[in-house]
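Hi everyone, thanks for coming along.

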Amino acid sequence: MAEGLVDGTVPPLPPRYRFRDLVLGDHYAEGEDRVRVEFYINERSFKERLQLYFIKNQRSSLRIRVFNFFLMAVSCTLYCVRVILDDHRHIACHGCTPKNFSNTTENWWGLLWVNRPVWLWALQVSIAIIMLFQTVLMLYLQHKGNICQQLMSITRILEFLNTIPFIITLFWPPLRNLFIPVFLNCWLAHAILKNMLNDLNRALQKIQTAFSQQVIILCSMLLCLIFTSICGVEHLERAAPGVDGKMNFFQASYFVIVTFSTVGYGDIQVNVWPSQLFVAIMIIAALVVIPIQLEQLAFYLLERQKQGASYSKHRAASEKHVVVCATCIQADLIMDFLNEFYAHPHLQDYFVVLLSPVELDNTMRLLLQIPIWSQRVIYVQGSALRDQDLQRVRMDDAEACFILSPRNVMDRHEAAQNESDDDKRKNKGSGNAGKSGLDSLRNYYDQQTILRTWAVKDFSPNLPIFVQILKPENMFHVKFADHVVCEDEFKYALLANNCLTPGTSTFVTLLIHTLRGHEGSDSDSQWMRMYGRSSGNEVYHITLGDSKFFGEFENKSFIYASFHAHKKYGVALVGVKKDEEDSEIQLNPGPKHIMQASDTCYYFNITKEENSAFIFADSDPEKEREHKRKDSKSSLHNEPSSSSKIHSIIASVGTLAIEYYHHGATRQHGAPTESRSDLLSRQSQSQGSMAIELQERRANDPAREALVTGKPSTSSGRNLLIPPAGEEERVPGRRRPSILPVLEIMSSDPEDEETGITFTAEKVETEVDGDIEDIKVWDAKNESDWMKGYPPVAPYIGYTPMFSHLLANPRKLCCLELDQPCSHSNHHCARDYNWPNNSIIVAVESTAPGLYNFIVPLRAHWRPKHTLKPIVIMVEKRPDTVFLESIAAFPLVYYMIGSIESLDDLLRAGILQADTVVVVDRESSKLAEEDYMADACQVVAVQTMFKLFPSSTIITELTHPSNMRFMQFRAKDYYALKLAQKQKREKERGANLSYMFRLPFAAGNVFTASMLDTLLYQSFVKDYMIIFTRLLLGLDQAHGSGYLCEMKITTDDLWIRTYGRLYQKLCSTTFEIPVGIYRTQMQSDSKSELSVTIDDDDQSSTCLSEERAALAELVRSKMKKLGLPESDYDAEATEKRSALSYVLINPGFDTKLELDDVIFIIRPAGGPNASSPMPPRRKYSTRRPKTEGEKREEPQGSMDTRL
């Protein structure tokens, strides 16, 4: 064989190894000796089988103990029956003649003999035989070592004492009346009960805590003490002289209870010294035993308070509850959850069970003792990874499970260790140096959340799970959950939208919080009343066929339904979902969508339709006048009541609300115009039947008649669709603007034959070619490098690609660094790039995959190319290669190593050429010894930036919302102090957002990740909220769904005058839906509300000017050192203290528009085929100077639009 192996050949198999043997083994081999091995033969002996049944088998041993406990209870009961039936006058042995005793001497024979009936003796003997048999058997089975040690145990002595005498009476009948202390069997029952509780936990897996066991044992011991004392006193008192001196069973019970309770009435007393001695011994025993048991009980009680309670099975069967799992229970986190969860009326009867592995802190313990929460919130200390703890909270019976991540909790020791390991990796040149130890901690907390989610899913597969996770790269592990909210994903998307549409963070925060709309109603400030009322708007849904708001718009276009629902009811229809398989929510699907009865409508309103009352114009006039009188007293400025919305200008201008004004015949300046009658005549010929309908409406409309005939109207109100007087004279040579009708059914093409209306006169003047405009803005040589598509590199596993603006050829990684020249670029700072648009600076501690979601919304495919703003990522630690490769394909995205605390870094990053600076929360700040000091670094750094660059727009993310009061802090800002008092009052009232009136939050300049927590909580009631918000922020792209953008009201647009007219203008032309207003009010005179806010910290204006001069000199010196022109810095710019900004969600139809209002609009996907009536207009920052000698033509166009 060795030779065969050397030659490389395989030797043949022996003859016995045939193919059948190789397949079937040696089963068919003949001539083989086989040995059969039997296991566990030691358990086949008689003794082992008995041990298996009586001791080792938990269930059988439990049955035996239950049977023994029953025997002990029966024997004690029979003893009580014997005592009650006993006759003290016949005291003698069985079959003997009773002896007579005097009434003055003790009868000691009464302690030895009792009167026991035959049937009672037979029962007691039977029980004694069974007990003795089991005792001997257990001695045999448990015999190990010294037999005397087992015989001398208290349990064995009691068993022999109460069984052997009964066995002897079988052979010696005179002893049948012998007294036997059967009542001592209660202590045997007590011992059996203790063993039973242990077996219940092991065999039946009963959830009996140590505390409940100790309570049962203590009660059992007290009962045994009292029962032993009663029986002992009663029997010893049989020796008392005379019949009257003896106690019966009831009197003995009364005496013992009175004595043990230390009351001691003295009406009954013991007469013989043995009973007196016995009572003294029992009292001493009680004083020794009971305190020991109480001490153990108190210890278990404290431990139980630490571990929390259990949610009982009976309560789970009759009540509804949800389970909240978290690594640690934080007071702020839980209060946000409870306030939002119980804000919904139909959740008031739900219980909330908190499951956490850590002990409650003092703050949370006191919080749960408040009556409003103590009856509805139950805390259980345990782990979601243990099935026993999941059973304690009745996870199978729960309605939902919320798994929350510890956002602001950091293990300082572990974080410091991770930071030191990170430094070692950087010294070794590791490629992951950009990931800090704190980032590893966030991953660690996400891993805990993932395991909890898996454990809950494994334990209860059908339970709805709501998961909050920190990092987006970990989301794919929990995709199976019903609802998932990723903090980094939503946070960066919200900050990105805030850069283009100011106030988006406040808009979304108010939208996802449950508010009543009564906040600020008692304020003297007009803006507080408007802002507080609009904050009550939320997202609701209803089926169109069941709706009173939208039911009348069946078979009409979505745009028509949205406009008229807002005009008639004051609700903003923003989205719809078809009743089809795999259909998605569509935000503003455009005019091509025809509403069907099965469609689900999504709308903004202060309350849902089911909770609304409808008051129509044909109601009782007297009640209507009274209703209007009440509305006039409580109405807000520019805010119509619900009644006024219904009684809007429909009656005066008709359903279509259409008016035609002077239209220019041609686009040449000074060309002749048509008269109104000629225009209407021409339109009537082209519109056909629609013109007949319009003429019928005009015949009954005095306002329209006045417009056509030129005669004054006799109606009480002027037609709001007519522009103000002098509109044409104010802008010579320009046409008079108009508002077109919102038709019931329209196409995206205004010239579609179905509508029959020609929009040529409207769109000739405003038509702009987007592609040509883009070429004007961007260099022609770079035009071919731009494209739209999906990013080639995914930033993390599970990311869904978004259609975006991209570069055909991704840039080299060296070109991404803003201030470091390379072989492809020689720029040293942001100013050298000469970007046509102002930039956006985002300052982060370290790059994370979630930062990718900040870039994608700013490079979304629907944003015009000429509006894209450069993005500069200022990071303190060098990004890793994976992140740089993922952003290399996006145009105008750069990074630089720097910090906002360095003035040089801010100047190189181009803060003077930036529109917005976003300061992201630092993870290392959470390591502060005091939790609320986590924002100290950001607050001080941002305050310094405001001092150095007072005209900058800075958006700051904070860890704790309460710290927003320090943004742009002034010690003598009396208006801010007034708002602080307002916040305190709102907090006392239990408002969900007590800080909503703080100026930084109202303006959208401050954001905290905790504002997004309610998004997960609201999903329990509104399962569409997460999807809806993702569409709104651009995190998802659904087919046919629109997107959120903005437009600004300029002086040319003030002729529209009201929000309702703007609603009609947008719906009838560009098919856009306005959903809110971002309003900024400037200080106009000394009587302004803000006039009290401008007292500075310094003692005089001279000190203030000197401080600003010193700061300006510092900045100029730094700019000179960096080679930047000093003229870029505007030292005369004033701080943004004399203005306040706030958000109005779904304002009323008659709300007046003001200059510089920013309108939140939802634009349909792809936009209309017709050109927008708002021609693009380029807007430059006043802080960006023109470069000397620059030959670049000033770019035209902007993201801002005009009407």
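**A walk through the model**

Let's begin at serine 460, which sits in the loop between helix 18 (437–459) and strand 5 (465–469). Before I go on, this is a predicted model: local features need pLDDT of at least 70, side-chain atom pairs count only at pLDDT 80 or more, and totals for chains, interfaces and linings use all residues. Residues are numbered from 1 along each chain as its sequence is written, and side-chain values use heavy atoms, with hydrogens and water left out.

When I say helix or strand, I mean DSSP runs numbered from the N terminus, with helices being H or I of at least four residues and strands being E of at least two.

Back to serine 460. It counts as buried because its relative accessibility is 7%, where buried means under 20% relative accessible area, exposed means over 50% and partly exposed lies in between, using a 1.4 Å probe and protein chains only. Setting aside residues up to four places away in sequence, serine 460 touches Met395 and Asp396; contact here means heavy atoms within 4.5 Å.

Now for the whole protein. How many helices and strands does the protein have? There are 42 helices and 22 strands. Of the 1203 residues, 52% are buried. Among contacts with a separation of 6 or more, 75% are between residues 24 or more positions apart. The accessible surface comes to about 56,500 Å², and 55% of that belongs to carbon and sulfur atoms; such areas come from the Shrake-Rupley method with a 1.4 Å probe, and for residues only the protein chains shown count as cover.

Next, two single residues. Tyrosine 311 is in the loop between helix 11 (273–307) and helix 12 (313–318). Is tyrosine 311 buried or exposed? It counts as buried, because its relative accessibility is 0%. Its contacts, leaving aside neighbours within four places in sequence, are Ala316, Glu319, Lys320, His321, Phe351, Val353, Ile378, Arg392, Val393 and Arg394. From tyrosine 311 to phenylalanine 351, 40 residues apart along the chain, the C-alpha atoms are separated by 9.7 Å.

Serine 275 is in helix 11. With a relative accessible area of 0%, serine 275 is buried. Not counting residues up to four places away, serine 275 touches Leu236, Glu237 and Val270. Histidine 235 is 40 residues from serine 275 in sequence, and their C-alpha atoms are 8.4 Å apart.

A quick note on geometry: axes are lines fitted to C-alpha atoms, for helices over the stretch in contact, and angles run from 0 to 180 degrees between N-to-C directions.

The axes of helix 4 (residues 58–85) and helix 5 come within 11 Å and cross at roughly 150 degrees. That makes helix 4 roughly antiparallel to helix 5; angles under 35 degrees count as roughly parallel, over 145 as roughly antiparallel, 65 to 115 as roughly perpendicular and the rest as oblique. Their crossing is left-handed, meaning the near helix is turned anticlockwise from the far one by less than a right angle, whereas clockwise would be right-handed. The residues of this contact divide into 14 nonpolar, four polar and one charged. Nonpolar covers Ala, Val, Leu, Ile, Met, Phe, Trp, Tyr, Cys and Pro, charged covers Asp, Glu, Lys and Arg, and the others, Gly among them, are polar.

Last stop, helix 20 (residues 504–512). How many of its nine residues are buried? Nine of nine, so to speak: helix 20 is mostly covered. Helix 20 packs with helix 40 (residues 1025–1033) at an angle of about 165 degrees, their axes 12 Å apart. They are therefore roughly antiparallel to each other, and helix 20 passes helix 40 in a right-handed crossing. Thr504, Phe507, Val508, Leu511 and Ile512 of helix 20 meet Met1025, Thr1029, Leu1032 and Leu1033 of helix 40. That contact divides into seven nonpolar, two polar and no charged residues.
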